[in-house]
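Take a moment to turn the model around before reading on.

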Amino acid sequence: MRRKLLHIALFFSLLGIISLSAQQADNIPVRTPEEEAAKQTEMLQRLLPSLTPEQKQQIYIINLKYARERKQYPGRSAAINRMKRKDSEYKLILTTEQYELLQTKCSEQLPDSCPSRPQNSQ
């Protein structure tokens, strides 16, 4: 009897944990590609305050293009490919100094989001 009560208590505990996890996943805001592009552009503007208005507009267009593509092609391998292509497009718009500063700040603040950062050899 004791064992049966223990199993029932364990079952309800696991059910509660699963329910809480599902609720937390529901709280993640779903952004439109336009909202996502604007947020990414603002973040880049904070990292690189020297962006010109023209550069900012070009960066927004790039971000929007890849945000829309992300909705069409989710998945890890597609995401890695997108990050690399997006980074190469950033490189065409930014000055050498801006790009180097972006790579430095990116590797410090967002290490998992920097496709062209130097890899640590182990």
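**A walk through the helices**

Ile61 lies in helix α3. Its C-alpha atom is separated by 7.8 Å from that of Ala37, although these residues are 24 apart along the chain.

A word on what you are looking at: this is a predicted model, in which local features need pLDDT of at least 70 and side-chain atom pairs count only at pLDDT 80 or more, while totals for chains, interfaces and linings use all residues. Residues are numbered from 1 along each chain as its sequence is written, and side-chain values use heavy atoms, with hydrogens and water left out.

Now step back to the whole protein. What elements does the protein have, and how many of each? It has five helices and zero strands, where helices (H or I, at least four residues) and strands (E, at least two) are DSSP runs numbered from the N terminus. Read from the N terminus on, the order is α-α-α-α-α. Of the 122 residues, 24% count as buried.

Buried in α2 are Pro33, Glu36, Ala37, Gln40, Thr41, Leu44 and Leu47. Seen down the axis of α2, these buried residues fall within an arc of 130°, so they line one face of the helix; the arc is that of the directions from the helix axis to the C-beta atoms.

Thr41 counts as buried because its relative accessibility is 3%. A polar atom of the Thr41 side chain lies 2.7 Å from the backbone oxygen of Ala37.

Next comes helix α3, where Ile61 is found. The 20 residues of α3 should span 28 Å at 1.5 Å a residue, and its end C-alpha atoms are 29 Å apart, which agrees. The buried residues in α3 are Gln55, Ile59, Ile62, Asn63, Leu64, Tyr66, Ala67 and Glu69. Arg68 also lies in α3, but it is partly exposed, with a relative accessible area of 43%. From C-alpha to C-alpha, Arg68 and Glu36 are 9.3 Å apart in space, and they are 32 residues apart in sequence.

Helix α4 (residues 76-93) has 18 residues and reaches 26 Å from its first C-alpha to its last, close to the 26 Å expected at 1.5 Å a residue. Which residues of α4 are buried? They are Arg82, Lys86, Asp87, Tyr90 and Ile93. These residues cover an arc of only 135° around the axis, which puts them on the same side of α4. The face turned away from that buried side carries the exposed residues Ser77, Lys84, Lys91 and Leu92.

The largest cavity is lined by Arg31, Thr32, Pro33, Glu36, Ala67, Arg70 and Lys71. A cavity here is a set of points, on a 1 Å grid over the protein atoms alone, where a 1.4 Å probe fits but cannot get out, and lining residues have an atom within 4 Å of a point. The largest share of this lining, three residues, comes from α3.

Definitions and conventions: 1 Å grid on protein atoms, 1.4 Å probe; cavity = no way out; pocket = protein on both sides within 12 Å on 5 of 7 lines; lining within 4 Å. Expected span 1.5 Å × (residues − 1). Buried < 20%, exposed > 50% of the residue type's maximum accessible area, 1.4 Å probe, protein only. Polar contact = N/O pair within 3.5 Å; in protein donor to acceptor, adjacent residues only side chain to side chain.
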